[in-house]
Amino acid sequence: MTRFAFIVHPLHISDVARKYSFTRHLPERWVEAALAVMSPQYCGKMTGIRSLTGAETEGWLVGCPLTARQLLNGNVEKATRKIVDACNLAASLGAEVVGLGAFTSIVGDKGLTIAERVEIGVTTGNSYTTATAIEGALLAAERMGHVAAESQAVILGATGSIGKICARMLAPQVGGLTLVGRRQDALAELAASIEAKGHVRAETDIAAALREADIVVAVTSAVEAVVEPEHLKPGAVVCDVARPRDVSRRVIEQRDDVLVIEGGAVAIPGPVECDFDFGFPPGMAYACMCETMILALEGRTGDYSLGSELKQEQVEEMAALGRKHGFTLGGFRSFERQLTDEDIERVRERAQARRA
Ligand SMILES: NC(=O)c1ccc[n+]([C@@H]2O[C@H](COP(=O)([O-])OP(=O)(O)OC[C@H]3O[C@@H](n4cnc5c(N)ncnc54)[C@H](OP(=O)(O)O)[C@@H]3O)[C@@H](O)[C@H]2O)c1
């Protein structure tokens, strides 16, 4: 059996209190200072992953004690060294391939340097994340009554590793596409390189981009939410892939006429058990974790999905391997809650009423 590991980290300082409750009462900068000197830690084990082919795998969750803000704004070399230490801990536990979770996959050159420095295979998991984000966004849009080919789509974080390949793959399937980021030049260059039947435009103003959006794929590396209730039109579907989230909790509190789903929520085949709570119910995981499991089930211990230029073939290969092993979209989830058919129907009816 080829075994895997996945590197997790606290997204916000408040996540640290889930493991060390006393930190709730400490000033944030003290907790950050403590994290900065802590070593990577064993968090838990996931067992029982069994493919439709009969292949099996199991793996470990290893914690890299740095928040998203520390990983994004801190010293890149120090962060890289800590992630490498986490990967080495994973290897010492028996993993032959390791997935970089959340911002550990973004630091520096998106896994390339880390892969050079460790002995086992490394992936960001971004290929399967892209495949499931597109599948989930289009399926949710259909359920809300949108015809993809006539819809206006927006990608937030379009110049990023996931955003760029999402843009290339989504463009031919929608009526129009707006690419959003903070650098106009990079956005314009990307827009010009995309062949699509509809209009592809570049925009740095999130509010302006979202005003007419039917389908939104949110995949920025912003540390705080960038999508607010007032940005969205009735009936909009937002697939929030970003961790930390791009969509403010205020959106579901104040807008019962828009559908927000978590991107990359995948059901794992087999009698899965996990003794570490990473925010999903048993038997479900983020797509990036699932890519790591899929590589292990395939016995592939080389690197995958590294760097900022993912290829469509990689995304399609991962989607096909996911199907082969029995990984499926795990229904629709929104802010830690599984959505029922009735929930979605209610959102659709309210959107119709507001549009009338
Ligand atoms: N759900 C899952 O399974 C899963 C799997 C992997 C990754 N993720 C998450 O996906 C997100 C993106 O990952 P990635 O590897 O694609 O990151 P990335 O390559 O660093 O790309 C991030 C993009 O976000 C843009 N951006 C950052 N801050 C922004 C802001 N305030 N407003 C607008 N755009 C902004 C950046 O554009 P500019 O710098 O050009 O502005 C860049 O295009 C992260 O949150 C990560 O944790 C989720």
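Helices α7, α8 and α12 (287–297) each supply at least two residues of the shell around the ligand. Helices here are DSSP runs of H or I with at least four residues, strands are runs of E with at least two, and both are numbered from the N terminus. One heads-up: this is a predicted model, so local features need pLDDT of at least 70 and side-chain atom pairs count only at pLDDT 80 or more, while totals for chains, interfaces and linings use all residues. Residue numbers start from 1 along each chain as its sequence is written.

**Around the ligand**

Which helix gives the most to the shell around the ligand? That's α8, with three residues. There are 34 residues around the ligand, and Gly157, Gly160, Arg182, Gly264 and Tyr286 come nearest (a residue is near if its C-beta atom, placed from the backbone, lies within 6 Å). Sorted by class, the shell has 15 nonpolar, 15 polar and four charged residues. Ala, Val, Leu, Ile, Met, Phe, Trp, Tyr, Cys and Pro count as nonpolar, Asp, Glu, Lys and Arg as charged, and the others, Gly among them, as polar.

**Two domains**

The protein chain is split into domain 1 (4–127 + 266–329) and domain 2 (130–264 + 331–355), with bounds from an automatic or database domain assignment. Their centres, taken over C-alpha atoms, are separated by 25 Å. Where they touch, domain 1 puts in 23 residues and domain 2 puts in 17 residues (contact means C-beta atoms, placed from the backbone, within 7 Å). On the domain 1 side, α3 (68–73), α7, α12 and α13 each supply at least two residues. The largest share of that side, four residues, comes from α13. Class by class, the side of domain 1 that touches domain 2 has 14 nonpolar, seven polar and two charged residues.

**How α7 meets its partners**

Take α7 (residues 126–143) and α8 (residues 161–170) to begin with: their axes come within 10 Å and cross at roughly 45°. That makes α7 oblique to α8. From α7, the contact uses Asn126, Thr129, Thr130, Ala133 and Ile134, and from α8 it uses Ser161, Ile162, Ile165, Cys166, Met169 and Leu170. By class, that's seven nonpolar, four polar and no charged residues.

Now for α13 (residues 312–325): its axis and that of α7 come within 8 Å and cross at roughly 75°. That makes α7 roughly perpendicular to α13. Here α7 brings Ser127, Tyr128, Thr130 and Ala131, and α13 brings Gln314, Val315, Met318, Ala319 and Gly322. This contact has five nonpolar, four polar and no charged residues.

Angles under 35 degrees count as roughly parallel, over 145 as roughly antiparallel, 65 to 115 as roughly perpendicular and the rest as oblique. The axes are lines fitted to C-alpha atoms, for helices over the stretch in contact, and angles run from 0 to 180 degrees between N-to-C directions.

| Helix pair | Axes come within | Crossing angle |
|---|---|---|
| α7 and α8 | 10 Å | roughly 45° |
| α7 and α13 | 8 Å | roughly 75° |

Most residues other than glycine have a negative phi, and most peptide bonds are trans. Ala102 has a phi near 45°, a positive value in a residue other than glycine, and sits in the loop between β4 (97–100) and α5 (107–110). The peptide bond from Arg243 to Pro244 is cis, with omega near 0°. Pro244 lies in the loop between β10 (237–240) and α11 (249–254).

Note on methods: Two residues are in contact if their C-beta atoms, placed from the backbone, lie within 7 Å.
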